[in-house]
Amino acid sequence: MIKSCSKEINGRTLHIETGRIARQAGGAAVVTMGETVVLVTAVGSSQIREGVDFLPLTVEYQEMSYAGGMIPGNYFRRDMGRPSERETLTARLIDRPLRPLFPKNYFYETQVIATVLSTDKENEADVLALIGASTALEISDIPFRGPIAAVRVGRLDGKLVINPTIEEQETSDINLMVAGSKSAVVMVEGGGEFVPEAELIEAIFFGHEAIQPILEMQEEIRKEVGKEKRILPPVKKDEEFAAKVREMAAPMFREVITTADKGLRQQKRDQVSSKVIEALGVEEKEKKAALMDLLSDVEKEMVRRMILEEGRRIDGRGFTEVRPIECVVGVLPRVHGAALFTRGETQALVLTTLGAEMDEQRIETIYGHKMRNFILHYNFPPYSVNEAKRLGGPGRREIGHGALARRALLPVVPPKENFQYTIRVVSEILESNGSSSMASVCGGSLSLMDAGVPIKEAVAGVAMGLISGGGKKVVLTDIIGDEDHYGDMDFKVTGTRNGVTAIQMDIKVEGVNREVMQSALEQARQGRIHILDRMAESMAKPRSHVSQYAPVITTIHIRPEKVRLLIGPGGKVIREISATTDSKIEVDDTGKVLIASPDSRAAKAATDMIGKIVQEAEVGKLYMGKVRKIMDFGAFVEILPGTDGLIHISQLDNERVNKVTDILKEGDEVLVKVLEIDKNGRIALSRKAALGQSIDA
C-alpha cells in the first residue's frame with residue numbers, strides 16, 4: 001500500500017512516501033524536498049545476536065555520484081568505496097539521536113541505510129535522511145520509541161530560518177541541526193559565529209517548534225501502514241541473585257566510586273568483580289557476563305545517587321569545577337606550532353603545520369568540488385586509555401571528533417586572502433579520561449598561536465553532563481569518562497569570550513527541556529572563561545611571525561601571455577626552477593604565480609629566476625638580442641625570452657642602409673635600445689641608438 005504525506009516547511013514542500021519502492025525492507029521511506037530525494041530503509045534481523053550486551057545498530061549514509069550528475073573519479077568508477085568524511089559524519093548524525101530510543105533488551109542486528117538518489121544542490125540531504133530513518137523505523141516491526149524529526153536552523157540578516165539552502169548557509173552566522181521528539185530536544189549539532197548563549201537557545205527551540213509538523217506526518221503514515229511491533233522476549237531476572245550481588249558489591253564499590261585516579265579506580269573495580277565472582281562461585285561464561293552487567297548497574301546506581309543525594313562527584317570536584325589545567329607551547333623543536341594541553345587525566349598534543357596553496361585538501365561531494373585550506377585531524381591511539389589494540393586508520397569517532405574541533409576553530413582562522421598558508425592541525429590524544437575533543441580545541445587554539453597564525457582570539461571547549469532522577473537534575477561541568485558513561489547527557493560547547501563557535505549535544509534519556517539547556521550553557525560559559533584564562537597564562541596572543549621552519553610563501557603576477565614561457569615545453573622550465581631552488585611553484589592561466597620555498601634565500605632565487613624569464617621590456621633600456629627574422633623593412637630581434645621587437649631599417653646605423661642584410665643576418669647577436677612600446681605592446685628597437693654603448697654602462 002502506497003502512502004504519502006506532504007507539508008510546507010519554510011516555503012518548500014517536504015514529501016514523505018512509503019510503499020512504492022524497497023518493499024521487502026522492514027521499513028522504507030522516500031523523503032523529498034525540492035529535487036533532492038533520499039531513500040531510507042530499516043531492517044531488523046529475526047534472530048537475536050548472541051553474546052552481545054549492546055545495541056547492534058548500524059547506520060550507513062551514502063551519497064551516490066549519479067545523484068549529482070557525476071561519474072566517480074576513482075579507477076573503478078564505482079561509488080561503493082570507503083565512505084567520505086561527509087558520509088561518515090552524516091551517518092553519525094543519524095545514528096546518535098536514534099540509538100537511545102531502542103529498548104535496552106533489544107539485541108537484534110539492525111541496519112539503517114540512507115541513500116541519496118537525487119540532489120538539486122540546494123536542499124541538503126542530511127536532514128531528509130534523518131527524517132527518513134525515523135519514518136522507516138516507525139512503520140517497521142522494530143521496537144522504536146519515536147518518532148523523531150530534524151531541521152537545520154540558520155540565521156540570515158538577524159532572522160532565524162528553517163532549512164536554509166546550501167547557498168544561504170554561506171552567509172548564515174548560525175548553522176545548527178536540531179533533532180527532537182514532540183516534547184524535547186534529543187540532539188543538537190552545529191556551530192556559529194560567536195553566538196551568545198541566549199540566542200543559541202532561541203535558535204534551538206525555534207528548530208524544535210519547526211519539527212512538530214514533521215512528527216505529525218510520520219504519525220499519520222504509521223497509523224495507515226505501520227506494522228505491529230515485534231514482541232521482545234522477556235528479560236530473565238534472578239532477583240534473589242541480583243540482591244546478593246548488590247548486597248555484597250555495594251560496600252566495596254563505595255571505595256571505587258570515590259577514587260579520583262582513573263587507573264587506580266579501574267584496579268579497585270576489577271578487584272571488586274573478582275571478589276564477588278569468587279564468593280558466589282560463578283564459573284559459567286553466560287552467568288559471569290550477567291554478573292558483570294549487574295555489577296555495572298550497581299556502580300551506576302551508586303554514582304548517580306552519590307551525585308544527586310550527596311552532592312559529590314567521583315573525583316571530589318564541585319558541580320561547576322573544571323579539572324586542573326596545564327598548558328605548554330613550543331614543546332617540539334622543528335614543528336611549526338605545538339601545544340601540550342592537559343586537563344585532569346586528559347591530554348592532547350596538538351601540532352600545526354603550514355603549507356602552500358597546493359597542499360589544500362580537495363573535497364569532492366555530490367554538491368560539487370571545493371578546496372579546504374584549514375584541515376584538522378584527530379588521532380586516538382589505544383595507549384591513551386591503557387589498551388593494546390591494532391593501530392588502524394581513523395574510525396567514525398576520530399572523524400567526528402576532528403570535525404567538531406575544526407568547526408570550533410574555523411571562525412577564528414584568518415581568511416585565505418589575509419593568510420596565504422594552508423593550515424593543518426593534528427591532535428594526538430596522549431591520555432583520555434573524558435572531553436578529549438574539547439582538549440583538542442584548546443590545544444589547537446594554542447598550537448595555532450604558537451605557529452604564528454593570526455587567529456582572531458583564543459577558543460576553548462568544555463563538555464557538560466547531566467544526572468537526573470527522583471525529580472532532581474544536576475548539570476556537571478567538565479565531565480570525566482565515567483560521568484559520561486553513567487550520565488544522561490554529553491553536551492560539548494566551544495567558543496571564545498564573545499560567544500559560542502560549536503555545539504554538540506547527545507541525550508541518553510527522552511530529551512532535555514529549555515531550563516536544563518540554559519543551565520548547561522551558562523555553566524559551560526563560565527567553565528570556558530576559566531579555561532581561556534588559564535590558556536592566556538601560557539600564550540595570550542599569536543606569535544608575531546611564523547616559524548623559521550615554515551615555508552616562505554611568495555605570490556607574484558605575470559602577464560597571461562608569459563605563462564607559456566614560465567611553464568616551458570612539457571613543463572621543463574618550471575620543473576627546472578623548482579629543482580634548482582627546492583621550491584614548489586604553481587601558476588594559473590591568469591598569471592598568478594605561487595612560490596613555496598623552504599627559506600627566504602630559496603624564495604629569492606626562485607623569484608629571480610622567474611623574473612628573468614618573464615621580465616618586460618623597458619623604454620630606454622639596452623638589451624643584447626638575437627636576430628630572429630630579416631624583412632625588407634627591418635629585422636625582428638628577440639630581446640627577452642618570448643619578447644621580440646622590430647629594428648626598422650632606418651634605425652640600423654648612423655649611415656643610410658640600403659639592405660638590412662648589409663648589417664644583420666639571422667642568428668646575429670646585436671645590442672639594441674628600446675625606443676618605444678605602443679599601446680598594443682609592439683616594441684620599437686634601435687641599433688643606431690646603442691652604438692658605442694654597453695649594457696654594463
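Let's start at a loop: Pro147 sits in the one between helix 2 and strand 7. When I say helix or strand, I mean DSSP runs, H or I of at least four residues for helices and E of at least two for strands, numbered from the N terminus. The peptide bond joining Gly146 to Pro147 is cis, with omega about 0°.

A quick word on ground rules. This is a predicted model, where local features need pLDDT of at least 70 and side-chain atom pairs count only at pLDDT 80 or more, while totals for chains, interfaces and linings use all residues. Residues are numbered from 1 along each chain as its sequence is written, and side-chain values use heavy atoms, with hydrogens and water left out.

In what order do the eight strands of the open sheet come? The order is 8-7-9-10-21-20-18-19, and the pairing is antiparallel. Pairing here means that DSSP finds at least two bridges between two strands. At the edges you find strand 8 (159–162) and strand 19 (472–477), each of which pairs on one side only. Neighbouring strands in this sheet are turned by 20° against each other on average, ignoring direction. For these angles, axes are lines fitted to C-alpha atoms, for helices over the stretch in contact, and the angles run from 0 to 180 degrees between N-to-C directions.

Zoom in on the strand 8 end. Strand 7 (residues 149–156) runs antiparallel to strand 8, and four bridges join them. One detail there: Leu156 has Lys159 in strand 8 as its bridge partner. Helix 2 packs on the sheet too, touching strand 7, strand 9 (174–180) and strand 10 (185–195), and its direction makes about 155° with that of strand 7. By touching I mean contact, that is, heavy atoms within 4.5 Å.

Now the core. A nonpolar core is a set of buried Ala, Val, Leu, Ile, Met, Phe, Trp, Tyr and Cys residues joined through side-chain atoms within 4.5 Å. Buried means under 20% relative accessible area, exposed is over 50%, and partly exposed is in between, with a 1.4 Å probe and protein chains only. Which residues touch the most other members of the largest core? Out of its 160 residues, they are Leu176, Ile204, Phe491 and Met517. Helix 2 (residues 125–139) gives this core its largest share, ten residues. As for Ile204, leaving out residues up to four places away in sequence, its contacts are Leu176, Val178, Val185, Val188, Ile503 and Met517. There's also a second, separate core of 18 residues, with Ile639, Leu640, Leu652 and Ile683 among them.

Next, a pair of helices. Helix 4 (residues 197–210) packs against helix 5 (residues 212–225) at about 30°, with 4 Å between their axes. That makes the two helices roughly parallel, a label for angles under 35 degrees; over 145 is roughly antiparallel, 65 to 115 roughly perpendicular, and the rest oblique. Where they meet, helix 4 brings His208, Glu209 and Ala210, and helix 5 brings Gln212, Pro213 and Ile214.

Over to strand 24 (residues 592–597). Is it enclosed or open? Five of its six residues are buried, so the rest of the structure largely encloses it. Strand 22 (residues 552–557) pairs with strand 24 in the antiparallel sense over six bridges, and Val552 has Ser597 as its bridge partner. Strand 23 (residues 584–587) also pairs antiparallel with strand 24, over four bridges, and there Glu586 stands opposite Leu594. The hairpin of strand 23 and strand 24 has four residues between the strands, and in it Gly591 takes a positive phi near 100°.

Lys121 has phi near 60°, in the loop between strand 6 (108–118) and helix 2. Asn163 has phi near 50°, and its loop runs between strand 8 and helix 3 (166–169). Which of them is buried? Asn163 is, at 9% relative accessible area, whereas Lys121 is partly exposed at 38%.
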